[in-house]
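The following paragraphs guide the reader through selected features of one protein chain. Please keep the structure in view while reading.

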Amino acid sequence: MTAKSPLQLPTVPERLSIREHVAHALRAALIAGRLRPGTVYSAPQLAADFGVSATPVREAMLDLVREGMVEPVRNKGFRVTELSRRDLADYLAVRELIEVPTVGEIARTADLSALEELRPVARRIVTAARRGDLVAFLEADRRFHLGLLQLGRNRRLVEVVGDLRGHSRLYGLSRLAESGQLMESAQEHERLLDLVSARDAEAAEGCMRGHLRRLRTQWEEPGEPEGPAPPPG
């Protein structure tokens, strides 16, 4: 069964191909929960929503298949993958193992002028949180975190974290918004920048650890780690 998808193709840098443009829009929709886990979407249906041909949509969806975000369904389209709470816990645990010590190392060694280039991005996260715009929040959040990790000069590490974020799609963000904690999470980005700029590696690691764990508390049910995860949006 297919589902109607109220999607629009957002404005992205002109240097992107149509395929990349569509993939960008699909990732944002997946992360925000506009494409629902377990639901099958056809390439022609999505192409009509975006106002493009079906070919770049199929190509973009195959990119997402490789990232683990969707799976092909023969003669029907693509199903958004469903995750269990255990899946989400595992992804977040790996992110914590990677990102926390990396942030500490960046605090000790990073070029501070390069670090300050992330300040406007951190402010865009706060603005998006204030407006309740989850797609804009997530796009800015992804740019901030991957941009920060890039200061560690390990391209493979950044790729791994980017893939982990894609697989987990930041489940629980809508619950942060509902609980009133979205703004607190948003403001932590500037606090993290302040700590890294101050070369306080220990405090920066603690801030990063708390930042990741805040999201986990919104979807994790004690005693039920194997059950299906709640919808992301």
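Predicted model: local features only at pLDDT ≥ 70, side-chain atom pairs only at ≥ 80, totals over all residues.

E2 and E3 form a hairpin with three residues between the strands.

The backbone at Asn75 deserves attention: its phi is positive, at about 65°, although Asn75 is not a glycine. Is Asn75 buried or exposed? Asn75 has a relative accessible area of 77%, and it counts as exposed because this value lies over 50%.

A positive phi is also found at Arg199, where the angle is about 60° although this residue is not a glycine. Here the setting is helical, for Arg199 lies in the loop between helix H10 (182-197) and helix H11 (201-219). The relative accessibility of Arg199 is 36%; this residue is therefore classed as partly exposed, since the value falls between the limits of 20% and 50%.

The last stop is His24, which lies in helix H1, a helix that spans residues 18-32. With a relative accessible area of 27%, His24 is partly exposed. How far apart are the C-alpha atoms of His24 and Ala60? They are separated by 8.6 Å, while the two residues are 36 residues apart along the chain.

Definitions and conventions:
Residues numbered from 1 in each chain as written. Heavy atoms only, no water. Buried < 20%, exposed > 50% of the residue type's maximum accessible area, 1.4 Å probe, protein only. Helix = DSSP H or I, 4+ residues; strand = E, 2+ residues; numbered from the N terminus. Pairing = 2+ DSSP bridges.
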